[in-house]
Amino acid sequence: MIAIPHGLAEIGYLVASGCFIVGLKRLGSPATAVSGNRLSAWGMAIAVVITLLEGSILTWWQIGVGLAVGSGIGLWQARTVKMTGMPQMVALLNGFGGLSSLLVGGAEFLKAELAGEVIPTETGIVIQLSLLIGAVTFTGSLIAWAKLQEVMTGKAITFPLQKVVNALFFLGIVGLAAYQVMTPDAHLVPFYAVIGLALVLGVLLVIPIGGADMPVVIALLNSYSGVAAAMTGFVINNHVLIISGALVGSSGIILSQIMCKAMNRSLANVLFGAFGAGGTGAGAKSAAGLTVRSVSAEDAAIQLAYAQSVIVVPGYGLAVAQAQHVVRELAELIEKNGGEVKYAIHPVAGRMPGHMNVLLAEANIPYDRLYDMDEINPSFESCDVALVIGANDVVNPAARTDTASPIYGMPILDVDKARSIIVMKRGMSAGFAGIENELFYDAKTAMLFGDAKASLTKLVTEIKAL
Ligand code: NAP
């Protein structure tokens with residue numbers, strides 16, 4: 001049995017916490033994100049090793065098997081997950097984080113209960129919090145995963161008095177938890193009841209949220225899993241768990257707020273607004289009577305080959321088509337012909353924050369060609385061609401002008417101000433918000449219909465042949 005002194009373990013935990021903090025800071029820029037991720041992983045490895053060495057581990061083989069199986073599944077998942085499946089994977093990871101907090105908090109309760117010990121009030125409170133938040137995070141994340149994976153309907157599921165039912169569940173849990181904290185010889189029935197009700201509450205809280213809002217929900221559940229972990233840290237008096245839980249808790253909530261701001265919606269609207277319960281959003285304009293102009297790959301290629309300045313606007317469709325490598329090839333050809341290519345990144349383009357940055361980085365597109373919305377918007381007026389690839393809502397001018405539109409007020413990329421616009425998408429389907437986009441009917445816009453990867457490949461072939 002190996003056990004390192006407590007003081008040494010605390011120093012190790014401090015080093016691990018330092019790795020998490022610096023790692024998180026480095027995730028703020030694409031240029032340093034990879035090393036930040038690696039540093040955080042090292043921090044976690046240090047924390048795990050110290051925890052194993054600090055405790056009196058009697059069952060090494062069980063821990064070894066758990067580690068091997070868990071790491072194997074994690075490695076396989078991380079290597080095989082598609083970029084478009086990343087939000088689901090994060091949802092599952094959050095869910096398991098919540099489950100861990102639930103199990104550790106529950107084990108501490110049962111340990112004291114079986115030993116006939118009286119749990120101090122403060123410990124009792126944090127145990128109940130880790131049970132409640134851990135359970136809600138677990139089932140809520142599983143529902144988020146199921147919606148995104150299309151295992152269940154992605155639509156908002158609503159029923160009469162839903163908020164009242166949810167509130168009753170919540171009050172029931174708080175009542176039972178308070179009873180356990182205040183009654184030292186409380187029995188197992190309220191303990192299991194809190195867990196059972198909290199598991200159901202997790203489902204109830206996430207089903208009324210539309211599948212497309214899941215990224216915000218996932219960031220929020222991520223925050224919950226952090227809070228649950230921090231609570232568990234207090235239960236077992238583990239400082240690295242408290243610090244890392246607090247980091248996850250705060251960064252998750254900041255991320256949710258950033259996404260809501262970029263969509264011009266409040267967190268309350270995302271959580272309780274049942275966005276996506278119906279089809280088309282209220283007040284969405286109809287396209288009846290408007291005509292679109294389509295363009296062939298040959299003509300679009302000529303336009304791009306001789307353009308002096310091109311701004312590429314990537315959106316969710318680029319991720320679906322996995323066309324990032326062909327985009328780079330096209331950009332290189334335009335540059336070879338003397339044109340300049342920039343990439344305009346909307347904060348909520350795609351289905352998760354940073355989706356476009358990650359996608360373009362995968363194709364080794366230099367970071368300095370990527371421009372944030374505020375930075376690039378003034379450049380559209382002087383740009384020859386705005387090339388919109390699988391983006392829709394983030395370039396919809398209705399956000400500026402149509403007060404009845406569900407996306408009214410959302411900051412958008414000013415693509416409509418470009419001298420000419422080429423939009424690449426498969427048909428006239430709406431984007432996430434389910435509304436028409438006037439940009440597609442603009443006299444300056446030419447639609448290049450087809451899968452983004454296939455169309456880009458045709459453009460590359462055509463330009464090469466010029
Ligand atoms: P979008 O509005 O969802 O539109 C994507 C477009 O891509 C669709 O209109 C679709 O049209 C097209 N498309 C799909 N597959 C394609 C393919 N293989 N090839 C070519 N085109 C394809 O996407 P967006 O402009 O990126 O906007 C993102 C939306 O998600 C925003 O409304 C945002 O608020 C929301 N959202 C984002 C986040 C985030 O963190 N990024 C979080 C929550 C919500 P066709 O079917 O006609 O091809």
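A residue counts as buried here when its relative accessible area is under 20%. By that cut-off, six of the six residues of strand S5, which runs over residues 420–425, are buried, and the strand is mostly covered. The model is predicted. Buried residues make up 45% of the 466 residues in the protein.

**Overall fold**
- The protein has 17 helices and six strands.
- Its C-alpha trace spans about 80 × 50 × 35 Å along the principal axes.

**Strand S5 and its partners**
- In a regular strand, side chains alternate between the two faces of the sheet.
- On one side of S5 are Ser420, Ile422 and Met424, and on the other are Ile421, Val423 and Lys425; these residues are all buried, and both faces are covered.
- S5 pairs with strand S4 (residues 385–389) in the parallel sense, over five bridges.
- Within that part of the sheet, Met424 of S5 stands opposite Ile389.
- S5 also pairs in the parallel sense with strand S6 (residues 445–449), again over five bridges.
- Phe449 in S6 is the bridge partner of Lys425.

- Lys425, one of the buried residues of S5, has a polar side-chain atom 3.0 Å from an oxygen atom of the ligand.
- A backbone N or O atom of Val348 lies 3.0 Å from a nitrogen atom of the ligand.
- At Ala430, a polar backbone atom is 3.5 Å from an oxygen atom of the ligand.
- On its own the ligand has 920 Å² of accessible area, and the protein covers 97% of this.

**Shell around the ligand**
- The ligand is surrounded by 31 residues, of which the closest are Asn392, Asp393, Arg426, Phe432 and Asp451.
- By class, the shell holds 17 nonpolar, nine polar and five charged residues.
- Helix H12 (residues 316–321) gives the most to the shell, with four residues.
- Domain 2 (99–272) and domain 3 (297–465) each supply at least three residues of the shell.

**Where the topics meet**
- Lys425 links the strand and the ligand site in this account: its bridge partner in S6 is Phe449, and a polar atom of the Lys425 side chain lies 3.0 Å from a ligand oxygen atom.

Methods
Residues numbered from 1 in each chain as written. Predicted model: local features only at pLDDT ≥ 70, side-chain atom pairs only at ≥ 80, totals over all residues. Heavy atoms only, no water. Buried < 20%, exposed > 50% of the residue type's maximum accessible area, 1.4 Å probe, protein only. Helix = DSSP H or I, 4+ residues; strand = E, 2+ residues; numbered from the N terminus. Pairing = 2+ DSSP bridges. Near = heavy atom within 4 Å. Polar contact = N/O pair within 3.5 Å; in protein donor to acceptor, adjacent residues only side chain to side chain. Areas by Shrake-Rupley, 256 points an atom, 1.4 Å probe, with all protein chains shown as cover. Nonpolar A, V, L, I, M, F, W, Y, C, P; charged D, E, K, R; others polar. Domains from an automatic or database assignment.
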